[in-house]
Amino acid sequence: MDYPTTAVLVASVQSVAKVYVIGAIGFLAVKFPRKSPMLPYKAITVVARFSFHALLIPLIYSTTASSVTPSSLQDYWFVIVAAFVVLLLSYLAATLLQVCFRVQSRDFQALRISSTFPNVVAIPILIFPSLCEYDVIQQGYFGDSPDDNLALKCVSVSNAMIFCYFFSWSLAFWSFGYPQLLATAKRTDGTNMTDDTNRRLGSHVEQQSLRTNDTSADSNDSKCRNSNHGRLEAIEELSEVGVPLSPELEGTQVKAASEAQPQFPWLSSAYKHFCQTCKQILRTAPFWALALGIVTGCIGPLRNALFTQGGALRFIGSALESLGQASSPITTIVVAASLVPEPVSPASTSTSDDNGVNADDDSQSMEESPIMSDPTVGPQHLRRRSSIIRFKQSIRNSSTLLLGGRSNPELRKQLIWFTLNRLLLAPALVTGVLMGFDCGGLLGGIPDLAKLVIIVNACVPGAFIVVVVLKQKEEMAELAEVVARVYLPTYLLSIVTVAGWTALGLWLTLPDANGETFCDRRG
């Protein structure tokens, strides 16, 4: 029987087009009406946080709990493992493509991370429900299922796979991607430290020393130790916020670190990094939503009570499902709205908003960890209640003067490199490896839908959390702008590429009427 090529193309194109129609609404809502936009730029972060915690978390839990059963757990492990392989291949593809384009080193480090970690939530959770509306998709992937509502089963299983992929994405980003961005932020020239910076450092050191000396003033030796301790604390705090350190201060930091160096520094560092990563993951709401969803799905009576018609707790399950249904379009609107460049006005340099509220007021401060925010948009700017924040703000203007301008040829080279890697090379490499394993007989028993989830997640454009993380460092503002500039054209071009890769993924993984996929037909 002939393969339903036309039906597959129609399903893929219309499903992807739906995403960008919704995104266009979010993009235009920030720009129009010009005097009073429907979605003010300052409100994007608030809407993103609300959507993430109030809508996306219920979607993760409800789809996982309703689709996971003890017998189906084997269908999801492949997505979790394959996600790490996809991220590794994307990282290697970006590194190999650098040989041809030679993007500026510091820009390349940030662009490579943004290219490695794409937007794996907002776009896929809209594409797959749209695909599942078509009979050819339902019959191809779930034709042998005893369920009466194949469309609902298709949506639940695909969303559960997407969130399993997202779990691996989060683990990889916070254990590898985020530290790489912080390392990039510290790659600054120590000779750029100005006399004003040194004077401010000396003042901060003096304050730290006075505070520590007040608590232990019994002997001159303790005073000396506390003074050095205060100086070291000041240096470390300035280093954390990205202030360039002079060679002398770097030597002080290195000397102090070497004195306390353990016998096996690499082992201690690896253990500390592992503990920090586990702590960050355990603090994320998506992790607990996914874990609780799996536990609920494995407890048959509880799952039936929540998600079966007539169940005792059906009102709770229905409420969670209704909230989750609103998550997909709202998240897409927020992502598209974030593509709009931030409006610049003379009032933007003021520390007060339109109502005269001080931006540094403690009531506005956010101690929230970035991992608790929407990964597709990123965390709110962290505000630390210390003199370092005031110090950072006071040197912002002088720091930006040191940032050189970008030439159009350089920006074009970055855009071409990023587009080729994120939209073409990385998904091509992932698809080739996946089909090589599949046709080689190494993926026997793996659901065909899981293979499509891998291909689609490999071809979507970058996630905005990279831009927000870079904006947390004042001296990285230029790099954040570079990444943001390549995002807008990349998202526009992805209208065509995502549709193409989705159609190709369907052609390779969707079983025909005989239950044969691409590899089976070639055999």
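In helix α7, the residues Phe-163, Cys-164, Phe-166 and Phe-167 meet Pro-286, Phe-287 and Leu-290 of helix α12. By class, this contact of α7 with α12 holds seven nonpolar residues, no polar ones and no charged ones. Keep in mind as you look around that the model is predicted.

## Two helix pairs

Let's stay with that first pair for a moment. Two packed helices are described by the angle between their axes and the distance between the axes. Helix α12 covers residues 285-298, and helix α7 covers residues 150-186. Their axes come within 10 Å and cross at roughly 135°. That angle makes α7 oblique to α12. As for handedness, α7 passes α12 in a left-handed crossing.

Now turn to a second pair, helix α3 (residues 77-101) and helix α4 (residues 105-116). Here the axes lie 8 Å apart, and the helices pack at an angle of about 145°. The crossing of α3 and α4 is right-handed. On the α3 side, the contact is made by Leu-87, Ser-90, Tyr-91, Ala-94, Thr-95 and Gln-98. On the α4 side, Phe-108, Arg-112, Ile-113, Ser-115 and Thr-116 take part. Which classes of residue does the contact of α3 with α4 have? There are five nonpolar, five polar and one charged.

## Around Val-79

Helix α3 also contains Val-79. Is Val-79 buried or exposed? Its relative accessibility is 0%, so Val-79 counts as buried. If you set aside its neighbours within four places in sequence, Val-79 is in contact with Met-161, Cys-164, Tyr-165, Ala-450 and Ile-454.

## The disulfides

How many disulfides does the count come to? The answer is two. One of them joins Cys-132 and Cys-154, with sulfur atoms 2.0 Å apart. The torsion about this S-S bond is about -60°, so the disulfide is left-handed. Cys-132 lies in the loop between α5 (124-131) and α6 (135-142), whereas Cys-154 belongs to helix α7, so this pair ties together parts that are 22 residues apart in sequence.

The other disulfide is formed by Cys-439 and Cys-519, and their sulfur atoms are 2.0 Å apart. Its S-S torsion is about -75°, so this disulfide is left-handed. The pair links distant parts of the chain, with Cys-439 in helix α17 (residues 408-439) and Cys-519 in helix α21 (residues 518-522), 80 residues apart. If you number the bonded cysteines in sequence order, the pairing reads 1-2, 3-4.

| Cysteine | Relative accessible area | Class |
|---|---|---|
| Cys-132 | 1% | buried |
| Cys-154 | 0% | buried |
| Cys-439 | 43% | partly exposed |
| Cys-519 | 12% | buried |

Why does Cys-519 count as buried at 12%? Buried means under 20% relative accessible area, so a value of 12% falls in that class. Cys-439 has 43%, which lies in between, so Cys-439 is partly exposed.

Most residues other than glycine have a negative phi, and most peptide bonds are trans. With that in mind, look at two places in the backbone.

The peptide bond from Phe-32 to Pro-33 is cis, and its omega is near -15°. Pro-33 sits in the loop between α1 (5-31) and α2 (44-67).

The other place is Arg-102, which has a positive phi of about 55° although it is not a glycine. Where is Arg-102 found? This residue is in the loop between α3 and α4, the two helices that pack at an angle of about 145°. At 57% relative accessibility, Arg-102 counts as exposed.

Methods: Residues numbered from 1 in each chain as written. Predicted model: local features only at pLDDT ≥ 70, side-chain atom pairs only at ≥ 80, totals over all residues. Heavy atoms only, no water. Disulfide = S-S within 2.5 Å. Helix = DSSP H or I, 4+ residues; strand = E, 2+ residues; numbered from the N terminus. Buried < 20%, exposed > 50% of the residue type's maximum accessible area, 1.4 Å probe, protein only. Axes fitted to C-alpha atoms, helices over the stretch in contact; angles between N-to-C directions. Parallel < 35°, antiparallel > 145°, perpendicular 65-115°, else oblique. Left-handed = near helix turned anticlockwise from the far one by under 90°. Contact = heavy atoms within 4.5 Å. Nonpolar A, V, L, I, M, F, W, Y, C, P; charged D, E, K, R; others polar.
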